[in-house]
Amino acid sequence: MAVRAVKKIGVLFGMENTFPGALVERINSYGIDGITAEFVKMGAVEMAKPCPYAVIVDRISHDMPFYRAYLKNAVLTGTQVINNPFWWSADDKFFNYSLATKLGVAVPRTLLLPHKNFPPEINEQSVRNLEYPLNWDAIFDHIKFPAFLKPHDGGGWRDVFHVRTPEEFFAAYDQTRDLTMTLQAAVGFKEYFRCYVVGQEDVLIMPYDPRQPHEHRYVLDPPEYDPALLQRVEADALKLCRALGYDLNTVEFAVEDGVPYAIDFMNPAPDADRYSVGETNFEWIVDKVAKLAVKKAKATTKQSSAFHWSKFLSGDTAVKPAVKKAATKAVAAKTVTAKTVATKKVK
């Protein structure tokens, strides 16, 4: 009798401790014949050699170029990666904002700014296409204060400045080195939501307060929210992730005057630490990502012979035509409590 080949699901991670192990344990607990999960192991990578993993859940390649190169080679040989390393490499937050505008998702007024300092090996002669000096009066009149100055492809709140006047802006801009920055109008929000989106289908809306210290940002005792607001948040989160092709992402919305503005939605390796997101949210994300990885492992097929960049950008992430009504569709009352999606911190 022929031995059935085992499909391996690998988890690639960095400093985080709770999520990777829980994910591997959950997948293996299913006891699915022919599917097993483990932590990814690699050394020097041979070009075009098939990867031993059917699926890899990537949690760290954005900080480790060697891992990103490994994952691209793995995709070339037929591995499915959550999330697509080709698109992740090409994406940036300013493009995200522009795409959201095209999709009809509300975003704050945003401008892309040239580097404050020249990148290495660049001098005045190299930037003769740039307007100089910039029309700062027009820029400030368009964005208006208060505003946020932040990198166009950064994360983790690094190099983010809240500026309230031109003087504060220039003081912050002087600190941005050769980073490409965006200037974005601040939203005077009353409600704020952080949404897990998994498999471009499942959404968990988490009340969140970015003004608090990191360990206290998930709201433990949220108020009731208008169900129409939550339904729009869910629909917009799905719309963005489907258009971008991310199978795992968080989308953040700041709500002003009833309008949810998409603030941040380039988080393909979102925080999933048990002690950060809380036990309820942790259990949800482990369950959904485990099931998604298994689904992809079962569906793994040979890589297409089309080796164009566009093929790898799209991968298996074609935009789905209909927005699935998820958790919030079941709410029929005029108002809905978010306590079911609030976190409960682990003691």
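**Cysteines**

I began with the sulfur of Cys241, which lies 9.0 Å from the closest cysteine sulfur, in Cys195, and that is too far for a bond. A disulfide here is a pair of cysteine sulfur atoms within 2.5 Å, and by this rule I count zero disulfides. Cys195 is accordingly in no disulfide, its nearest cysteine sulfur being that of Cys241. I then looked up whether the two are buried or exposed, taking buried as under 20% relative accessible area, exposed as over 50% and partly exposed as in between, with a 1.4 Å probe and protein chains only. Cys195 is buried at 0%, and Cys241 also counts as buried, at 0% relative accessibility.

**What I am reading**

I note that this is a predicted model, in which local features need pLDDT of at least 70 and side-chain atom pairs count only at pLDDT 80 or more, while totals for chains, interfaces and linings use all residues. Residues are numbered from 1 along each chain as its sequence is written, and side-chain values use heavy atoms, with hydrogens and water left out.

**The chain as a whole**

I find 10 helices and 14 strands, where helices (H or I, at least four residues) and strands (E, at least two) are DSSP runs numbered from the N terminus. Of the 347 residues in the chain, 46% are buried. With contact meaning heavy atoms within 4.5 Å, residues 24 or more positions apart account for 74% of the contacts with a separation of 6 or more.

I counted two strands as paired if DSSP finds at least two bridges between them. Strand 3 (residues 53-58) is joined to strand 4 by three bridges, and I located Val57 with its bridge partner Ile82 in strand 4.

Five bridges join strand 12 to strand 13, and Ala254 stands opposite Tyr261 in strand 13.

**The cores**

Which residues touch the most other members of the largest nonpolar core? I took such a core as a set of buried Ala, Val, Leu, Ile, Met, Phe, Trp, Tyr and Cys residues joined through side-chain atoms within 4.5 Å. Of its 37 residues, they are Ile9, Phe19, Leu23, Ile27, Tyr196, Ile285 and Val289. Helix 9 (279-299) is among the elements that give two or more residues to this core, as are strand 1, helix 1 and strand 9 (191-198). The largest share, 10 residues, comes from helix 9. Apart from this core I found another, of 28 residues, among them Val197, Leu238, Tyr246 and Ala262.
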